[in-house]
Amino acid sequence: MIRITFLFLLMLFLSNKESYTQELYNSCFSALEICPDNIYSINNYNANITSCPGCEDDFLFCFTAENTIWLKFTTNQIGGDVLVNFNNLSFNVSPNQDTEIQAVIIEATTPCNSASYTEVSNCVSDGSTPFNLNAIGLAPNTTYYIIINGDKNGAGISIPAECSFNLTISGAGIERPTPVINI
């Protein structure tokens, strides 16, 4: 019985290996760790905000939080440039719902405390087609966060955008996982 349960859980884990539901990364505290050489299928369906002074979603870069999701990555020992690519954007289309996402890379000297955030990349406020975030000269051995949000701007818009998309990260500054060889 234990072996069957283990096999079922293993199969369930492997079948979801690179497809994530929003609930896993709706909070800064549970940000999805991303690595180079992977394609992540991500969405912001049913995402929300943590609304309180100084909380994770209390910021204003080129957008205001509406329904944020959080990703994170760590730079290598040298640091350097990082590129985050968003493609295959597919929006839910409903009356009064926006069809643009917003994104930025930040450094948080105190994790998940908005008072410590510094914007370190270009800020995209109207992503409806493939786009990139570019961060130049990132510090070594540092964790950075990618905030992704559904836009809710424009005449007649009352519902933030919900979108699924593919995301990749690359660049000289990104930490590559150490290969593990089992003998």
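**Strand pairing and the nonpolar cores**

Tutor: Let us begin with one residue of this predicted model: glutamate 107 has tyrosine 144 of β9 as its bridge partner.

Student: How many bridges pair β5 and β9, and in which sense do they run?

Tutor: The two strands are antiparallel and share seven bridges.

Student: Which residue of β6 is the bridge partner of glutamate 107?

Tutor: That partner is threonine 118. β6, residues 117-119, runs antiparallel to β5 and is joined to it by three bridges.

Student: Is β5 mostly covered or exposed?

Tutor: It is mostly covered, with seven of its eight residues buried.

Student: How should I read a nonpolar core?

Tutor: As a general idea, nonpolar side chains in soluble globular proteins tend to be buried together. Here the largest nonpolar core has 31 residues, and those that touch the most other members are Phe73, Phe86, Ile146, Ile148, Phe165 and Leu167. Two or more residues come from each of β2, β3, β4, β5, β8, β9 and β10. β4 gives the most, five residues.

Student: What does phenylalanine 165 touch?

Tutor: Leaving aside residues up to four places away in sequence, its contacts include Ile42, Ile69, Phe86, Leu89, Ile101 and Ile148, and also Tyr40, Ser41, Asn87 and Asn88.

Student: Which residues belong to the other core?

Tutor: That core lies apart and has 13 residues, among them Phe59, Ala65, Ile106 and Tyr145.

Key:
Residues numbered from 1 in each chain as written. Predicted model: local features only at pLDDT ≥ 70, side-chain atom pairs only at ≥ 80, totals over all residues. Heavy atoms only, no water. Core = buried A, V, L, I, M, F, W, Y, C linked by side-chain atoms within 4.5 Å. Buried < 20%, exposed > 50% of the residue type's maximum accessible area, 1.4 Å probe, protein only. Helix = DSSP H or I, 4+ residues; strand = E, 2+ residues; numbered from the N terminus. Contact = heavy atoms within 4.5 Å. Pairing = 2+ DSSP bridges.
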